[in-house]
Amino acid sequence: MPGRIQAVLTHPAAPTYSQFGRDVIAGLTARPKTLPPKYFYDEAGAQLFEAITATPEYYPTRCEMEILRDRASEIAQFTPQGSALVEFGSGSSRKARLVLAATPGIAAYVPVDISSKMLADEAQTLRRDWPHLRVIPVEADFSEPFTLPPDVAALPRVGFFPGSTIGNFEPHEACAFMRHAGRMLGREAVLIIGVDLIKDADILNAVYDDAAGITAKFNLNLLTRINRELGANFDPAAFSHHAFYNAERHRIEMHLASKKRQKVKVAGRVIDFRLGETIHTENSYN
Ligand code: AVI
């Protein structure tokens, strides 16, 4: 436009955030505040979870290992010769090792996990221990549809989802998971799934608030991860771990409770916390 001075408004480029950043902002600006439990499993979180399974209170891992040991030969009967074992949320793969040991007919093992470091380390150890087994790790968030590696496309599939991890999904998410796992594994597939049963509230409250405080560290580590990856300024000491059984909804709830009124900067936003306000970080349904 001749003769006129034009004002050019320049905006600093809006920062773009990862899926993690978007989920954290969405969760912390929701009411009540919430964060998806899948984000517990950075490198430190994956190790803290392994430490939880060794606490005297955390019975699910010990019980399931015992069941898998006792029933390994029955499980082997359901496993077709030359099949691929696909584990959702493989972690340390120690339960899969029991199935693999009892089922020599398994040709390939596909551990699927969101924690890249543990996945790579375990794949290396498994290849050393089972030189004839094809170990094909997949780094993925198994709560979303993903594709299986082409190497196992022609093999019969056995899905493996132990640990009552399905209990960390909301019921509608569990249904979505079953649908996409079913589609991915195919018509004739087998799915081995471990689900915990309802227990006394006192037992469950102790399981999710162990005396050594490892579950508390696991819960609080989420704030440390947000600080590191999203440049936030959470003071983890200003939050406390809360876990309790919600009998009406058949679930253990984990929360992080603010010890005071405070403001926290997260990914360019300021998040206000009231004294006692919580971030709901996990449900474990049984
Ligand atoms: C992985 N998942 C089944 C565990 C559970 O028991 O819900 C995660 C966990 N949270 C606290 N302790 C363990």
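Q: Which residues of helix α6 are buried?
A: Keep in mind that this is a predicted model. Buried means under 20% relative accessible area. In α6, the residues in that class are A174, F177, H180, A181, M184 and L185.

Q: How many degrees of arc around the axis do those buried residues cover?
A: Take the buried set of α6 again: A174, F177, H180, A181, M184 and L185. They sit on the same side of α6, because the arc they cover around the axis is only 135 degrees.

Q: Which exposed residues does the face of α6 turned away from its buried side carry?
A: To count as exposed, a residue needs over 50% relative accessible area. On the face of α6 turned away from the buried side, the exposed residues are H172, R179 and R183.

Q: What distance does α6 reach from its first C-alpha to its last?
A: Helix α6 runs over residues 171-185, so it has 15 residues. The expected span takes 1.5 Å times one less than the number of residues. For α6 that expectation is 21 Å, and the helix comes close to it, reaching 21 Å.

Q: Which residue just after α6 takes a positive phi?
A: Helix α6 covers residues 171-185, and the spot to check comes just after it. Phi there is about 100 degrees, and the residue is G186.

Q: Is S164 buried or exposed?
A: First find S164 in the loop between β6 and α6. Its phi is near 60 degrees, a positive value in a residue other than glycine. The cut-off for buried is under 20%. With a relative accessible area of 14%, S164 is buried.

Q: What is the relative accessible area of A267?
A: Look in the loop between β10 (262-266) and β11 (269-273) for A267. It isn't a glycine, yet its phi is positive, near 45 degrees. A267 is also buried, and its relative accessible area is 9%.

Q: Where is P32 found?
A: The peptide bond from R31 to P32 is cis, with omega near -5 degrees. To find P32, look in the loop between α1 (19-28) and β1 (33-34).

Q: How many disulfides does the structure hold?
A: A disulfide needs a pair of cysteine sulfur atoms within 2.5 Å. C63 is partly exposed at 37%, and C175 is partly exposed at 44%. The number of disulfides in the structure is 0.

Methods:
Residues numbered from 1 in each chain as written. Predicted model: local features only at pLDDT ≥ 70, side-chain atom pairs only at ≥ 80, totals over all residues. Heavy atoms only, no water. Helix = DSSP H or I, 4+ residues; strand = E, 2+ residues; numbered from the N terminus. Buried < 20%, exposed > 50% of the residue type's maximum accessible area, 1.4 Å probe, protein only. Arc of directions from axis to C-beta.
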